[in-house]
Amino acid sequence: MSEFQDKKIPELPEPQQDKMPMLVLRGLVLFPQMVLHFDVGRDKSILALNQVMSGDRKIFLVAQKNIRDDDPRADALYKVGVVAQVKQIVKSQGGTWRVLVEGMYRAKLLEVVGETPYFEGVVVPFPLKNSRNLKSAMCDALMRTIKDLFEEYCYLTPRMPRELVVNALVSEDPIHLAEYIAGNMQMEVEDKQAILSQSDPLKRLELLANVLESENEILSLEADIQEKVKGQIDKNQREYYLREQLKAISGELGEDDPQEENQDYSEKIKKLKLEEETAQKLLKEVDKLSRLPSNSNEAGVIRGYLDTVLDLPWNKKTVDKIDLKKAKALLDKEHYGMVKVKERMLELLAVRKLAPEIKGQIICLVGPPGVGKTSIARSIAKSLGRKYVRLSLGGVRDESDIRGHRKTYIGSMPGRIINAVKLSGSSNPLMLLDEVDKLGSDYRGDPSAALLEVLDSEQNHAFRDHFIEVPFDLSDVLFIATANTLDTIPAPLLDRMEIIHLSSYTREEKFQIGRTYLLPKQMKRHGLTAAKVKVSDDAIYALLDNYTREAGVRNLERELASLLRKAAKRIVAGETKKVVITNDNIVEFLGPRKFKPEQIQSYDEVGLVNGLAWTTVGGEMLQVEAAVLDGNGKIELTGSLGDVMKESAHAAISYIRAHWDKYGLEHDFYKTRDVHIHVPEGAVPKDGPSAGVTICTALVSALSGVPVHRDVAMTGEITLRGRVLPIGGLKEKSMAAYRAGIKTVVIPAENEPDLAEIDPVVREHIDFITADKIDSVLNIALAGKLRQSVGQLTLDDIAVESSEKATQTNTSIPQ
Ligand code: ADP
């Protein structure tokens with residue numbers, strides 16, 4: 001290497017000064033032994049070239065410091081340049097000359113002796129220091145580094161001629177290597193000049209290494225950036241291309257333009273002015289939709305979702321009109337009676353007027369079917385000017401019924417609450433939660449928990465339906481619930497609600513409602529006028545007594561409608577011009593009477609007692625039969641009795657066994673007799689503790705053979721010690737007793753305060769007697785004296801001794 005190097009170091013001319021013309025290079029630096037092509041346009045340069053061409057063709061080439069300087073002064077030139085030989089000069093177009101020069105040796109400018117007509121300077125050869133370091137390991141290392149860096153540089157610079165790389169790689173001369181690379185690569189003039197000016201070959205190598213290093217870094221960054229940009233462009237182009245294809249395919253299939261569809265969705269979302277989070281979520285779905293093939297299942301699901309969500313009444317509200325007088329008039333116009341409910345509703349309106357922001361309690365109307373719970377709620381919505389929507393909770397067992405199914409399920413839907421809101425078309429409707437007491441729960445989750453969240457004013461401003469996913473504000477919805485009974489309403493729900501009880505209507509009330517509300521309503525609905533059809537009062541009574549048996553008026557309304565339909569048919573058929581319906585001809589319209597009035601027996605019987613029961617359709621008279629038969633102490637209970645009722649029967653038997661002597665019974669009747677207790681209408685399930693006294697009375701009567709007054713009815717729970725405990729539903733029960741023609745009703749002493757609620761008509765006709773012990777009940781009910789003596793008398797004796805009628809058709813005493 002050193003040999004070669006030694007050989008390669010050019011033989012330097014005598015360091016003698018020379019005066020020669022100068023050519024100022026702009027943006028270029030020439031190195032010795034380098035051939036350079038360039039254009040010359042400046043006058044001074046052309047004149048200098050002309051001058052040398054006529055002589056020895058030697059010219060001093062030196063770079064100017066500022067590339068923008070068109071006419072640099074002598075002091076704006078570098079001091080180190082190269083003396084070159086002009087090889088060729090050709091005139092090209094536009095008054096410029098193309099010059100080919102070959103560098104000869106490095107020279108230093110000592111002095112500029114003339115600036116016009118061209119630069120002329122005194123230059124002196126400026127050889128490199130022939131350092132010993134050129135053979136050092138350091139030099140080798142530097143050269144290797146530079147070769148590596150240059151190789152990388154060439155790799156990063158596209159269109160770099162291959163031979164350049166090869167020449168550089170095979171070069172073993174540090175000076176040549178530095179000049180060769182510096183002369184051939186793109187780099188700043190300052191850097192090139194710095195290398196040229198540097199006299200120490202090793203320092204030159206270091207300089208070059210630095211430049212290469214930073215240049216490579218910049219180039220690789222550039223490459224990265226370009227790669228990214230290209231990737232982006234490729235992706236955009238690909239998407240554009242695919243979308244265009246998709247559009248064409250959709251067009252062929254006659255489908256809507258998916259782009260347009262997405263645009264529509266986005267605009268709709270913007271128009272709704274949703275909360276940021278909600279809008280973002282929906283836009284994301286639109287974006288997802290835009291990436292899916294338009295007829296894919298998933299696109300269908302998303303479309304369904306967006307349609308449903310965007311259809312919801314976001315921010316759509318009705319304005320409450322609260323005018324108490326008008327509201328009262330409207331409620332009165334549409335509903336008879338219902339004083340308590342109406343009053344409470346007016347209070348609610350008043351509070352809303354004073355403090356609209358207070359979200360009041362949820363009202364729950366509890367009462368038997370057909371007493372107007374639903375329809376009064378509708379009237380309230382009307383009087384408030386709110387939309388009304390009803391949501392039936394009967395049979396809802398699944399939480400997702402309330403909250404909806406996640407939209408990933410095929411056929412999933414929002415829950416009932418959101419559906420109801422959507423149906424109402426406003427975000428503050430009056431929502432009737434019908435039949436909360438029928439809410440069930442099973443393994444699929446507890447719907448009452450979801451309902452709790454709906455009703456909780458702390459949480460319902462951001463109700464989350466599984467399907468809708470985004471929160472919906474329910475806090476302005478006015479909820480009213482209805483139920484038939486409180487027993488089955490989950491306790492936490494019950495806690496949230498204010499209960500208003502609606503009781504059954506009396507016969508008189510039903511008559512009034514039928515005549516003044518339902519009849520005109522149905523007449524109108526059937527297109528009939530008073531001139532065409534007349535329904536007489538006794539016909540309405542007949543409907544009440546013979547065609548319906550209910551607490552409310554739903555069936556009455558149905559029967560009235562049926563009556564009017566039949567009448568309309570007769571008129572349209574031309575059979576008659578006017579139809580008058582009375583009690584006498586009602587059978588022609590409605591067929592045979594379905595119910596005979598509950599009638600009491602025509603005589604007192606042994607072992608047959610009138611009980612009073614409460615059912616969801618009102619009160620009913622329930623007769624309890626007891627029979628005593630020869631046997632060995634079996635106890636038979638029939639008539640679909642529930643557990644509670646069976647237990648009452650056992651309690652009654654135990655009580656009687658304990659007091660056999662008091663009632664003059666055989667002391668071992670429980671060993672020698674079978675007892676059978678039956679409650680008629682055996683197919684209808686019955687339960688409850690309030691038949692206790694009735695069963696006990698029937699048993700005592702059957703065992704003692706003393707008949708029971710046929711016009712006495714009773715209700716009350718019994719204890720093992722013969723105490724009579726209070727019961728519920730007295731109002732309904734007493735009404736049933738009144739209907740049946742009962743004269744005396746025995747009630748538990750503790751129920752005395754409830755008498756205030758009994759309908760005046762009922763109170764007028766019935767004698768209520770309170771009892772705290774079963775003895776008092778027996779005293780009133782039994783038509784005959786019990787034997788106080790024990791053992792001697794057989795049951796047959798007692799039967800004979802008691803009322804004559806008892807022996808006529810006695811079912812309870814074995815004959
Ligand atoms: P519920 O919801 O309690 O089962 P509805 O509200 O469905 O009962 O009432 C049944 C029918 O009886 C409706 O047509 C209703 O208008 C009518 N109705 C009930 N109570 C009254 C009343 N007090 N005055 C007028 N109509 C009534």
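A: Of the 20 residues around the ligand, the nearest are Tyr 336, Lys 373, Thr 374, Arg 554 and Glu 557; a residue counts as near if one of its heavy atoms lies within 4 Å. Before going on: this is a predicted model, where local features need pLDDT of at least 70 and side-chain atom pairs count only at pLDDT 80 or more, while totals for chains, interfaces and linings use all residues. Numbering starts at 1 along each chain as its sequence is written, and side-chain values use heavy atoms, with hydrogens and water left out.

Now the polar contacts, meaning pairs of N or O atoms within 3.5 Å (within protein, one must be able to donate a hydrogen and the other to accept it, and residues adjacent in sequence count only if both atoms are side-chain atoms). Arg 554 puts a polar side-chain atom 2.2 Å from a ligand oxygen atom. For Lys 373, a polar side-chain atom is 2.8 Å from an oxygen atom of the ligand, and with Ser 375 a polar backbone atom sits 2.9 Å from a ligand oxygen. Taken alone, the ligand exposes 550 Å², and the protein buries 91% of that (accessible areas by Shrake-Rupley with a 1.4 Å probe; for residues, only the protein chains shown count as cover).

On to the sheets. Helices (H or I, at least four residues) and strands (E, at least two) are DSSP runs numbered from the N terminus, and two strands pair if DSSP finds at least two bridges between them. Strand β7 (362–366) runs parallel to β13 over five bridges, with Leu 365 opposite Ile 500 in β13. Axes here are lines fitted to C-alpha atoms, for helices over the stretch in contact, with angles from 0 to 180 degrees between N-to-C directions; contact means heavy atoms within 4.5 Å.

Another open sheet has seven strands, β19-β20-β18-β17-β22-β25-β26, with mixed pairing. At its edges stand β19 (635–638) and β26 (767–771), each with a single partner strand, so one side of each has no neighbour in the sheet. Five bridges link β25 and β26, which are parallel, and Val 745 has Phe 768 in β26 as its bridge partner. Helix α25 (730–740) packs on this sheet, touching β17 (608–615), β18, β25 and β26, and its direction makes about 75 degrees with β18. Helix α22 (643–658) lies across β18 (618–630), β19 and β20 (673–678), at about 145 degrees to β19.

How far to trust all this? The mean pLDDT of the chain is 85, with 92% of residues at 70 or more; pLDDT is the predictor's confidence in each residue, from 0 to 100.
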